[in-house]
Amino acid sequence: MSEQKLYYPPEALVKNAAVSGMDHYRRLCEEAERDYEGYWANHARNLLTWKKPFTQVLDESNAPFFKWFADGVLNASYNCLDRHVEAGKGDRVAIIFESDDGQVTKVTYAELLKRVAQFANALKALGVKKGDRVVIYLPMGVEGVVAMQACARIGATHSVVFGGFSAQALKDRIQDAGAKVVVTSDGQFRGGKQLPLKAIVDEAIGMGGCDTVEKVIVNKRTGMAINWVEGRDLWWSDAIAGQSDVCEPEWVEAEHPLFLLYTSGSTGKPKGVQHSTGGYLTHAALTMLWTFDYKPEDIFWCTADIGWITGHTYVCYGPLAVGATQVVFEGVPTYPDASRFWRMIEAHKVSIFYTAPTAIRALIKASESNPDVHPKRFDLSSLRILGSVGEPINPAAWEWYYREVGGERCPIVDTWWQTETGGHMITPLPGATPLVPGSCTLPFPGIQAAVVDETGNEVPWGQGGFLVIKKPWPSMIRTIWGDPERFKKSYYPADFQGKLYLAGDGAIRDPETGYFTITGRIDDVLNVSGHRMGTMEIESALVAHELVAEAAVVGRPDEVTGEAIVAFVVLTRPRPEGEEAAQIVKELQNWVAKEIGPIAKPKEIRFGDNLPKTRSGKIMRRLLRQLAKGEEITQDTSTLENPAILEQLKG
Ligand code: ATP
Ligand code: MG
């Protein structure tokens, strides 16, 4: 990696950046190192408005159940809305909403506050109190943000369930959270289609075990026919009718659970991650200012759904906490065609754009076969910063994103973080960090990341190992809802004396720069004839071949080599068969041997029209491992997007 080209931020950006240059970055890291608690306390004080200031900072007395700013009192919704309106910024646009069919609606901070307050009053009228759980099962839209903020306003803990999830997945989450109210809509528009939501809520509750649910609030979105349960169901419009648009926030202690959110399920059964109010919001705001270098002139657009942590921190909370104007998008990147993102950036003059590698790869593939959807056909000159999240971004996709979307002038912040971390952990800062494609570079100032071996000892740079965080940080997971034992076992394992946060990802640091590269999930490390390899390296090599659009690599037990490499590949052309397939297999095997070395050559390559992915677009390698072994799938597939693909990928 060391010999790779570095990409430096443009001078003008460095000059005005919140974190300006590497010396500034290092000073911030040193400051945090010198006085860890003082550093975070300063940020929490400066970035948030507290009803009652805190005097305690980090409380480690019940480790690993850490507390931050515990005697402070605040309200997240107040911090996201009221204080901007009170500061005279009520007329500022908070949300530019673009619907699936391209209609644009703008909502100011003053209007958003009224809508949130009114819906908060509606929830209160239904008996929702501080600490009650509300499940939100809504499409992307203003109502989703309103519902989340309204819960925060009254101290109810929301649990957003992605609108693409099945009745079973929804039922599990309603039940696990013990939700009192479910907020949904009749249906949703997605890619020109109408899809039901209320019907899925009915089915989920009909499965039994959701006895805690007293009310289902239904927003009218599509106008499609739905069933109605008298006494339980009520329209959103009826719920808010007659409710005041003023609502005094419920002031909560900093540790009050703002929300529960289930992880994507890439590596196992989803975990109900519980987040705090004060610590979470501090980091959401700080990362907006530093990772995205957010300035009042910016138009921010994070494409993530509110059903994922990225949509929580960088749609619902972070942008609003700093008073930003942001785009909220209902649709999909490929409808009406694969130029949708570029058209929207052009139309709304987006300056900070944050999306996932899976979307980038799909759009690269689309633009190869259709020049009309290529980003260079659009005026993207408003862009100044690009971001990536969710998966490692392979260098080929990174370079395309940098060149074709960013015009070689926009730094890409490749942000490594997790549902559990609440906000960015390892990421470039756009006005400071020289970039290396495929590396998330260095820890955010104040985050102490390391790569360790099985016993928790740091390994030398250049050697792969487990990615850990050495000190608790404000926006960290507080527990797994209802399962503190699983929290301890998953994140503070005894192997590390309960002292290190285990991320579950493998990483390696560059021998010279110390830059981090994520090598994949811990379970994804391969051992071929005694050589340890991350799956990502092989996948990146495969994707660098012009015929390959996407690739996933897993290991399969092998008598001779210990583990054999099996690659699942999606080509940029239709799925080949017979002689053609055999030839491409040979070509790709030789390619990998040449790119990495013969040891990394896949023993078997299977072609598919797609790969099994979570609904957030991540490849589910655990299912591929079973397929590679020729086993039936016995694992949790509740968050799988495209179950039909499994059949095609069987050997
Ligand atoms: P589960 O924990 O249920 O298996 P998940 O880990 O996919 O699901 P998320 O919290 O949504 O659930 O995803 C976090 C993971 O995504 C990280 O642990 C990492 O593997 C991956 N990831 C996120 N951002 C990046 C990035 N910039 N580079 C590399 N990997 C990333
Ligand atoms: Mg995870």
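# Questions on a predicted model

Student: Is Thr 415 buried or exposed?
Tutor: The cut-off needed here is that a residue counts as buried under 20% relative accessible area. Thr 415 has a relative accessible area of 3%, so this residue is buried.

Student: Which residue's backbone oxygen does the side chain of Thr 415 reach?
Tutor: Leaving aside neighbours within four places in sequence, Thr 415 is in contact with several residues, including Thr 291, Tyr 354, Val 389 and His 424. The backbone oxygen that its side chain reaches, at 2.8 Å, belongs to Ser 388.

Student: In which strand is Asp 414 found, and is it buried or exposed?
Tutor: Asp 414 is found in strand β20, which covers residues 412–414. With neighbours within four places in sequence left aside, its contacts include Ser 388, Ile 426, Thr 427 and Cys 440. At 6% relative accessibility, and with buried meaning under 20%, the residue of strand β20 counts as buried.

Student: Why do the residues of the UniProt annotation "binding site" not all gather at one spot?
Tutor: The annotation comes from an unreviewed UniProt entry, and among the residues that it covers are Gly 390, Asp 414, Thr 415, Arg 521 and Arg 532. These residues span 143 residues in sequence, so they do not all gather at one spot, and their farthest two C-alpha atoms are apart by 27.6 Å.

Student: Which residues come nearest to ligand 1?
Tutor: There are 20 residues around ligand 1. One of the polar contacts is made by Ser 266, whose polar side-chain atom lies 2.4 Å from an oxygen atom of the ligand, while a polar backbone atom of Pro 392 is 3.4 Å from a nitrogen atom of ligand 1. Of the residues around the ligand, those that come nearest are Thr 263, Ser 266, Thr 267, Thr 419 and Lys 618.

Student: Which residues touch the most other members of the largest nonpolar core?
Tutor: In soluble globular proteins, nonpolar side chains tend to be buried together. The largest nonpolar core holds 125 residues, and one of them, Phe 119, is in contact with residues including Val 146, Val 183, Ile 217 and Trp 236. The members that touch the most others are Leu 112, Phe 119, Val 183, Ile 217 and Tyr 317.

Student: What is the phi of Phe 69, and where does this residue lie?
Tutor: Phe 69 is buried, with a relative accessible area of 0%. Its phi is near 55 degrees, a positive value in a residue other than glycine. Phe 69 lies in the loop between β2 and β3, the latter covering residues 73–74.

Methods:
Residues numbered from 1 in each chain as written. Chains lettered and ligands numbered in written order. Predicted model: local features only at pLDDT ≥ 70, side-chain atom pairs only at ≥ 80, totals over all residues. Heavy atoms only, no water. Core = buried A, V, L, I, M, F, W, Y, C linked by side-chain atoms within 4.5 Å. Buried < 20%, exposed > 50% of the residue type's maximum accessible area, 1.4 Å probe, protein only. Contact = heavy atoms within 4.5 Å. UniProt positions renumbered as here; feature names shortened; annotations may be inferred. Helix = DSSP H or I, 4+ residues; strand = E, 2+ residues; numbered from the N terminus. Polar contact = N/O pair within 3.5 Å; in protein donor to acceptor, adjacent residues only side chain to side chain. Near = heavy atom within 4 Å.
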